[in-house]
Amino acid sequence: MENPSIREARIATTGPPDYRFVMNIPDLRRPFRLTAALVAVALAAGLLWMAHPHRAAADPQFQEFGAQQQKRKPARTTRKAPPAPEKPRIPPREPFTLAEQDAATVPGIPEARFWGDSAEAFSRALPSARGAWLALSSGGADGAYGAGVLAGMSEAGARPEFSVITGVSTGALFAPFVFAGKKYDENLRNAYTTINATDVFEVGSTPESYLDTWPLKELIAKRVTPELLADIAAEHARGRRLFVMTTNLDAERPVAWNMGAIAAAGGEPALKLFRDVLLAAGSIPGAFPPVLISVEAGGHTFQEMHGDGGMNNQFYVAPQSLLSPLATYQLPATELYVVINTNLAPTFQVTERSTIGIITRGVSIIVKTLTRVMIDQAYSAAKRSNVPFKLATIDSKFDAPSRGAFDTEYMKALFAFGFEQGKAGVAFRSEP
């Protein structure tokens, strides 16, 4: 689930909804569970396979990434290496009950978050004033597209002052810079044009994952500054709202974090929580370590486990129950903008006859299909509410090659493509 922004591995497009959701049109309100978990496991397995030492010799695309990883390590010597240390053992988690989970709050910041599938909590968290809404999707390194589109709109003076901005996975990582205003447009550019895979993760398992995201954690700490939080707090005080999505792995439910309320709390604890939420937003279970967040209920302090928000929603407009074709809910927005950091068009490719080749192809099909279903839901809700709908996706005309996870040149080209579309006013269409 990255520069301030910051992202997940490109191969790690995150957990889509349950595919049965597509086949059962009358019940589009049902949360997506099983397939999301299976996809996360499949992605983790694929990433582990990529980390295997024999892959470098077999896959030219992986050789460059392996070379980048080796640059981070000291040169080998002829001396016999000492025995490898045992992996650190992690302590067992503090137990807590379902009742405590339901009552849990972040100490000192009671408005820090709400259940993303709760219609009542969602309605309470919305601003009183109507305005344009913006939903930013998952997509890994392809977040360069959305960042480019929004920077281009700002350059042309055509970017609305969105009253609500939501971000999922990679969208969560650059949403704060869009929310904070034009002065952070350069951060949008840097988020996807100055980094590579070694700035996001390191090959090497942890007790909780196949890959280690300490580079991403450091990058978030560098880019998410007290000044950024102060600017977000100021916009929150004006009535605007910024929601970042994670998945509570204990409850199997989406969580919407009210980042403006967190920023408004101020101080080091708020800064740490803000950064932790962004790290959790792109933490694919099994592939990347989850993030533990301390909460309190009835005097009992314990830690929740959070992972990538894409396991429940590829992008977030409202709880599923409010987007169902059977719902009568009216979106309190003047316009609905949805930015999909993915090319949804089918692409022909002879699938490699290997476990990872089949997994990768299958996940691509699932994510594209279910993202289309979610787009149709959002479009129907907007039409029902008489709210203009505006959708941007990566156009098939963009065909720059990618040499692997977080290829800098690929991301630069994609950012430039999105920037020109946003600047020229041609990025958005009015129908799916």
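Which residues does Gln-101 touch, not counting residues up to four places away in sequence? In this predicted model, Gln-101 touches Phe-96, Trp-115, Asn-248, Asp-250, Ala-251, Phe-302 and Glu-304. The residue sits in helix 5, which covers residues 98-103. Gln-101 has a relative accessible area of 4%; the limit for a buried residue is under 20%, so Gln-101 counts as buried.

The largest nonpolar core has 81 residues. Leu-134, Ile-165, Trp-257, Met-259, Leu-273 and Phe-274 are the residues with the most contacts inside this core. Its largest share, nine residues, is supplied by helix 13, residues 267-281. In soluble globular proteins, nonpolar side chains tend to be buried together.

With neighbours within four places in sequence left aside, Leu-273 is in contact with Val-106, Ile-109, Ala-112, Trp-257, Ile-262 and Ile-293. Trp-257, one of these partners, is also listed among the residues with the most contacts in the largest core.

Helix 7 spans residues 143-155 and helix 8 spans residues 170-180. Their axes are 9 Å apart, and the packing angle is about 20°. An angle under 35 degrees counts as roughly parallel, and helix 7 and helix 8 are therefore roughly parallel to each other. Their crossing is right-handed. On the helix 7 side the contact is made by Gly-143, Gly-146, Ala-147 and Leu-150, and on the helix 8 side by Thr-170, Phe-174 and Val-178. Sorted by class, this contact has four nonpolar residues, three polar residues and no charged residues.

How many of the residues of helix 8 are buried? The count is eleven of eleven, and helix 8 is mostly covered. The buried set runs through Thr-170, Gly-171, Ala-172, Leu-173, Phe-174, Ala-175, Pro-176, Phe-177, Val-178, Phe-179 and Ala-180. Just after helix 8 comes Gly-181, which takes a positive phi of about 110°.

Helix 9, residues 185-193, is another partner of helix 8: the two axes come within 9 Å and cross at roughly 155°. Since angles over 145 degrees count as roughly antiparallel, helix 8 and helix 9 are roughly antiparallel to each other. This crossing is right-handed. Thr-170, Phe-174, Phe-177 and Val-178 of helix 8 make the contact with Asn-187, Leu-188 and Tyr-192 of helix 9. The residues involved divide into five nonpolar, two polar and no charged.

The remaining pair is helix 7 with helix 9. The axes come within 9 Å and cross at roughly 155°, which makes helix 7 roughly antiparallel to helix 9. Here the crossing is left-handed. Gly-143, Ala-144, Ala-147, Ala-151 and Ser-154 in helix 7 meet Asp-185, Leu-188 and Tyr-192 in helix 9. This contact comprises five nonpolar, two polar and one charged residue.

Within helix 9, Asp-185, Asn-187, Leu-188, Ala-191, Tyr-192 and Thr-193 are buried. These buried residues pack against helix 7, helix 8, helix 10 and helix 16.

Met-411 lies in helix 16, residues 408-424. Its relative accessible area is 0%, so Met-411 is buried. Apart from neighbours within four places in sequence, Met-411 is in contact with Ala-141, Ala-144, Tyr-192, Thr-193, Ile-195 and Phe-406. Of these partners, Ala-144 also takes part in the contact of helix 7 with helix 9. Met-411 and Tyr-192 are 219 residues apart along the chain, and their C-alpha atoms are separated by 5.9 Å.

Is Thr-225 buried or partly exposed? With a relative accessible area of 26%, Thr-225 is partly exposed. In sequence Thr-225 and Leu-271 are 46 residues apart, and in space the C-alpha to C-alpha distance is 7.9 Å.

Note on methods
Residues are numbered from 1 along each chain as its sequence is written. This is a predicted model: local features need pLDDT of at least 70, side-chain atom pairs count only at pLDDT 80 or more; totals for chains, interfaces and linings use all residues. Side-chain values use heavy atoms; hydrogens and water are left out. A nonpolar core is a set of buried Ala, Val, Leu, Ile, Met, Phe, Trp, Tyr and Cys residues joined through side-chain atoms within 4.5 Å. Buried means under 20% relative accessible area, exposed over 50%, partly exposed in between (1.4 Å probe, protein chains only). Helices (H or I, at least four residues) and strands (E, at least two) are DSSP runs, numbered from the N terminus. Contact means heavy atoms within 4.5 Å. Axes are lines fitted to C-alpha atoms, for helices over the stretch in contact, and angles run from 0 to 180 degrees between N-to-C directions. Angles under 35 degrees count as roughly parallel, over 145 as roughly antiparallel, 65 to 115 as roughly perpendicular and the rest as oblique. A crossing is left-handed if the near helix is turned anticlockwise from the far one by less than a right angle, and right-handed if clockwise. Ala, Val, Leu, Ile, Met, Phe, Trp, Tyr, Cys and Pro count as nonpolar, Asp, Glu, Lys and Arg as charged, and the others, Gly among them, as polar.
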